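Student: I have not seen this structure before. Can we go through it in questions and answers?

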Amino acid sequence: MVLDKINQTNDIKKLEKEDIEKLPGEIRQFLINSLSETGGHLASNLGVVELTIALHLAFHLPQDKIIWDVGHQSYTHKILTGRKEAFATLRQFGGLSGFPKSMESDCDCFNTGHSSTSISAGLGYAAARDLAGGQYKVVSVIGDGALTGGMAFEALNNASKLETNFIIVLNDNDMSISRNVGGMSQYLSGIRTADVYQDLKNGVMESLNKIPVYGERIVSRIRRTKSGIKQLLIPGMLFEDMGILYLGPVDGHDVDKMVALFTKASRVNGPALVHVLTQKGRGYEPAVRNPARFHGTEPFDIATGIVKKKKKKAGYTDIFSTVMRKMGDRDKKVVAITAAMETGTGLKRFHNMFPERFFDVGIAEGHAVTFAAGLAAGGLKPVFAVYSSFLQRAYDQVLHDVCLQNLPVVFAIDRAGIVGSDGETHQGIFDISYLMAIPNITLMAPKNKWEFSDMIKFAIDFPHPIAIRYPRGEAFDGLQEFRAPVVFGKGEMLYEEGQVMLLAYGSMVKTALEVRNLLAPEGIGCAIFNMRFAKPLDTQMLGRIASKYRLLVTLEENVLCGGLGQAVSGYLDRAGVGVPVLHIAARDEFIPHGNVELLKRQAGLDAETVAGKVRGYCWANQ
């Protein structure tokens, strides 16, 4: 096999042409076989195999720098840089990351995981190179979906001023996770279909260059003006109007053509954008038919594409999907917003039922929040469904545009807490902290699926900003007998007997129940109070609890700093209550990729670890 000859960086440059032609098929088969066992981002990686090969042929790593936007499409890059044998450990604790990681390889020059950052990072590299007198090339690879993000446009604007080489590769597959939306998608679609432009441009330029003396001057003049051939055939040729040389579009599955364009782009004294057309899921029919389903997949059967291990219970996202559909039916003012995550956040059913009240704004979380603020100001009831780690990209908009005006926007914060295999960039362990400091916002979290349903309904009718955080995975269906009505700022007492009070928030109520059951046989009785609200705190109940129990334990799936535990201790200090408080929260560090239960043990958020800490305190203070 040709792939056996690829064992370290730049081995690809030693291959003969016939081997290069065989390599894409072998890489695709390797990815399909490997990911069918481990899971991972399949469709996006199948689409960039030839693109990655062309980049590695045209540039020399690690001297040259390739920055992958988001980075979930970097698997072929990892294979070509000597990490093929590690794919059995992909996205597992201590194993190969699903994203570029500089600690893994010096060919991963910049850690990524969130969208629309690669051009900014590349510009920084180019500026650093020029200041240091370096000669290496800098290439930022960005998808058409990521190009909908405002940060990418800010970087393009800045790139236009550059007077030294910088290459942007636009990987255009007409998809982000779901199908792309908006003006940029339509604009690129127009370029994709403008084959006549490319043919005419090449023919005209070649003919003009052949004219003695004056030919080169005419070509130069055309390139300098804003009314060149591109403007005649493709209105508003955005990139060149900004001062960025546009090359393409080129077939993203033709290695030779891409290498030729990358070589040409590397000779430009300024920014150049190479527009590459790829097919998401290429080479595996189930992924071609349903690229969103295979964007991030669990282990699957290769023959059918069916996931090997199906969920047994409904997840929180499923509950959200069902309730949103019902609320949309009951109240015509309810509208839903997503930032290119229609399927992932559970809004597909709402979209199907109420298309005129569903808004996909693209990968643009900041815009999504301010857009929601405008909807609320206009008298509607907007619900923005977003992953915890992505909402932090819109912090300023949450603060200034929603909370400062006290507008009734609902933030449905999915993937709150430890999410597992996507690693540091996706763990949702900061949202309590980054929202807690903002005036006017209310923070809630449900203990189980029934309370989640009640909280969504409560939030939609709430007249102020409100956020509900809920974890990834199966919805807890225990404690069904406890379903007190949701009342603003009030928690729910579950069990009162015992000398230790567990103050649990959201997903940690289930953990508190497990702790109670572990310690009961040892004679350590644990009461449980379902906090429900992190902001405002149920201070009336906290005051009563503080006088009754010998130890309070706060439990949250969030970092300690600025979180629920510190809010509880702050209140007790102000109230002059001296009861001991033990805080259970994630440590002040980033959590790597791996199995969720393993990561919770590592972070000290599992029931056994918590029970051990409570036990240790009780024994030490008998």
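Student: How many residues does helix H1 have, and what distance does H1 reach from its first C-alpha to its last?
Tutor: This is a predicted model. In it, helix H1 covers residues 17-38, which gives 22 residues. At 1.5 Å a residue, the span expected is 32 Å. From first C-alpha to last, H1 is close to that, reaching 32 Å.

Student: Where in H1 does a kink lie?
Tutor: The kink has an angle of about 35 degrees.

Student: Which residue follows H1, and what is its phi?
Tutor: The residue after H1 is Gly39. Its phi is positive, near 80 degrees.

Student: Which strands are the edge strands of the five-stranded sheet?
Tutor: Five strands form this open sheet, in the order E1-E2-E3-E5-E4, with parallel pairing. The twist averages 20 degrees from one strand to the next. An edge strand pairs on one side only, which holds for strand E1 (65-68) and strand E4 (245-251).

Student: Which residue in E3 is the bridge partner of Ile142?
Tutor: Strand E2 (residues 138-143) and strand E3 (residues 166-172) run parallel and are joined by five bridges. The partner of Ile142 in E3 is Leu170.

Student: Which strands does helix H12 touch, and what angle does its direction make with that of E4?
Tutor: Helix H12 (residues 255-265) packs on the sheet. The strands touched are E3, E4 and strand E5 (271-277). The direction of H12 makes an angle with that of E4 of about 170 degrees.

Student: At what angle does H5 run to E2?
Tutor: H5 lies across E1, E2 and E3. Its angle to E2 is about 175 degrees.

Student: How do the residues of the contact of H5 with H6 divide into nonpolar, polar and charged?
Tutor: Helix H5 (residues 118-132) and helix H6 (residues 150-159) pack at about 30 degrees, with their axes 8 Å apart. H5 contributes Ile119, Ser120 and Leu123, while H6 contributes Met151, Ala152, Ala155, Leu156, Asn158 and Ala159. The division is seven nonpolar, two polar and no charged.

Student: Why is the pair of Tyr75 and Phe87 edge-to-face?
Tutor: The whole structure holds 21 aromatic pairs. For Tyr75 and Phe87, the ring centres are 5.9 Å apart, and planes over 60 degrees apart count as edge-to-face. The planes of these two rings stand at 80 degrees, so the pair is edge-to-face.

Student: How many residues apart are Tyr75 and Phe87?
Tutor: Tyr75 is in helix H4 (residues 75-83), and Phe87 is in the loop between H4 and H5. The pair links distant parts of the chain, and the residues are apart by twelve.

Student: Which strands are the edge strands of the seven-stranded sheet?
Tutor: Seven strands form this open sheet in the order E7-E6-E8-E9-E11-E10-E15, and the pairing is mixed. Each edge strand pairs on one side only: strand E7 (358-360) and strand E15 (533-535).

Student: Which residue in E8 stands opposite Ala336?
Tutor: Strand E6 (residues 334-338) pairs with strand E8 (residues 381-387) in the parallel sense, over four bridges. The residue opposite Ala336 is Val383.

Student: Which residue does a cis peptide bond join to Lys535, and where is that residue found?
Tutor: Most peptide bonds are trans. This bond has omega at about 0 degrees and joins Lys535 to Pro536. Pro536 is found in the loop between E15 and helix H22 (539-546).

Methods. Residues are numbered from 1 along each chain as its sequence is written. This is a predicted model: local features need pLDDT of at least 70, side-chain atom pairs count only at pLDDT 80 or more; totals for chains, interfaces and linings use all residues. Side-chain values use heavy atoms; hydrogens and water are left out. Axes are lines fitted to C-alpha atoms, for helices over the stretch in contact, and angles run from 0 to 180 degrees between N-to-C directions. Helices (H or I, at least four residues) and strands (E, at least two) are DSSP runs, numbered from the N terminus. Contact means heavy atoms within 4.5 Å. Ala, Val, Leu, Ile, Met, Phe, Trp, Tyr, Cys and Pro count as nonpolar, Asp, Glu, Lys and Arg as charged, and the others, Gly among them, as polar. The expected span of a helix is 1.5 Å times one less than its number of residues. The bend at a residue is the angle between axes fitted to the seven residues ending there and the seven starting there. Two strands pair if DSSP finds at least two bridges between them. Rings of Phe, Tyr and Trp (its six-membered ring) pair if their centres lie within 6.5 Å; planes under 30 degrees apart count as stacked, over 60 as edge-to-face and the rest as tilted.
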